[in-house]
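Have the view open and follow along.

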Amino acid sequence: MHDIYELGYTQPENNESADAARIQAAIDLAKETGLNKTVIPRYNRGAGACRWVVDAPVTIPSDFVLELDNCQVELTGDGGFDVCGGEETPAERVRLVGTGNACISGGEKAGRPLIFIENARQVTVCGLSLQNRHTRGILCRGVSLAVIRDIWFFNDLAPVLPGELPGNAKGITVACGCDSVTVENIFGATLGDTVEVTTFSGGGSPHCGSSPQYGSTPPCSGTLVNTSAVRDIYIKNVRSDCSVFSNVRFVNGDGNLLSGALVDGVTDLSREGASYRAGAAVSIGETVYGFCPARLGETRNMSVKNVVSRGACAVELVSSVQDITISDITMRSDGGAAVGCGKTLEYNNIYLCNVKFDPRQAPYPIEEVRKPDYIETPLFPGEHFYPYRAVCNMRDIHGFNFKINGVYADMVDNLLRITGKNHIELYDVDVPNIVYDDFVGDDCTVD
């Protein structure tokens, strides 16, 4: 047996203890000896199998690397991987790294996330496959200067039927108090929003509202160092099938600030003609669970670009948004509107640029299109294989400075369907076949 100093890291010992206790003991030993690294190998000598069953939290300390070397980890009970700092001493410089086909699965019990990070900075999570059909994959709260990348979600979405969807199975949640967080190269299938950015906490704290969306709170949760504000979030290259939810969703309200986000590259991987469709590829401004909606200026300074979607809309704007740029949108052949809003919206400064629609074969049923109000696209299409299609399909929106520049399509049902008091500037439209009316709206001026 190699000496741990020769290896440069520790491994769980071969004894009769539970897997979680053996992994934690190896981490503690690596910290005591100054090696600051533990490797979980594929073969579990204690169990005599290529599988680890973790039934209690495994805590990763500061200045540490935990490597999952091609191993399969199944979480049961309260099992999970935690990076949790204190109010005065946040956890720092932590890496949770997967190599080969390292995989963490969440078993069949709903509850705590597979990976929980709180009051921490300079954290990296990468190279992992996650199966989280009944709970969240990764939850971050009060985290700064973090990178989450190269993550696969391999949940089975078939069959996806109304009334049979599990709740709280989001992929990655970046919650209150987070700033300067990068989420990139995220793939696979999730039974919830693939990436959620929210100013709510998921567990209740003096700074963040408690919300039933998150279920139980990990046991290491304490007082968050930061406030509820979420700033400077960079999301790149999310390619996922998100069931009827959103590939990327921003949630705000209750007087919190959500600002400075860049989303670059979101692709809806659901197959054409599937029995379900996403609500939106990117949703901005949603507020939920009884909290007060965000006011104008509290959800601001965001850029969304390079989106491919077959959802009800590519980008959904809700509640209030300010200083939003949306560019390079492609609607697939059975996708809906480029920008949608099925609730209400107050806005200031929206710029929509370069919208392209892939060809489709049939217009939407005329009896639906002729109604003067917002048209809701069903998430379970049924006979409406081709949903209502327009550049904007928005209900009850009010604001200033909405500019649209560049629309390219063979056919849309209406160019714009917008109700509310608005002034819209429209440039460079190349749509030879607008099936019904160009504009539908009650108080909308178009230049």
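**From a helix to the core**

Gln24 is buried, its relative accessible area being 17%; buried means under 20% relative accessible area, exposed over 50%, and partly exposed in between (1.4 Å probe, protein chains only). Please keep in mind that this is a predicted model, where local features need pLDDT of at least 70, side-chain atom pairs count only at pLDDT 80 or more, and totals for chains, interfaces and linings use all residues. Residues are numbered from 1 along each chain as its sequence is written, and side-chain values use heavy atoms, with hydrogens and water left out.

You will find Gln24 in helix α2, residues 19-33 (helices are DSSP runs of H or I with at least four residues, numbered from the N terminus). Leaving aside residues up to four places away in sequence, Gln24 touches Pro57, Val58 and Thr59, a contact being heavy atoms within 4.5 Å.

Next, the nonpolar cores, which are sets of buried Ala, Val, Leu, Ile, Met, Phe, Trp, Tyr and Cys residues joined through side-chain atoms within 4.5 Å. The largest has 93 residues, of which Ile115, Phe250 and Val282 touch the most other members. Apart from this core lies another, of seven residues, including Ala169 and Leu191.

Finally, the cysteines. Searching the whole structure turns up zero disulfides, a disulfide being a pair of cysteine sulfur atoms within 2.5 Å. For Cys341, the nearest cysteine sulfur belongs to Cys313 and is 9.0 Å away. Cys341 is buried at 0% relative accessibility, whereas Cys353 is partly exposed at 22%.

Technical notes
Helices (H or I, at least four residues) and strands (E, at least two) are DSSP runs, numbered from the N terminus.
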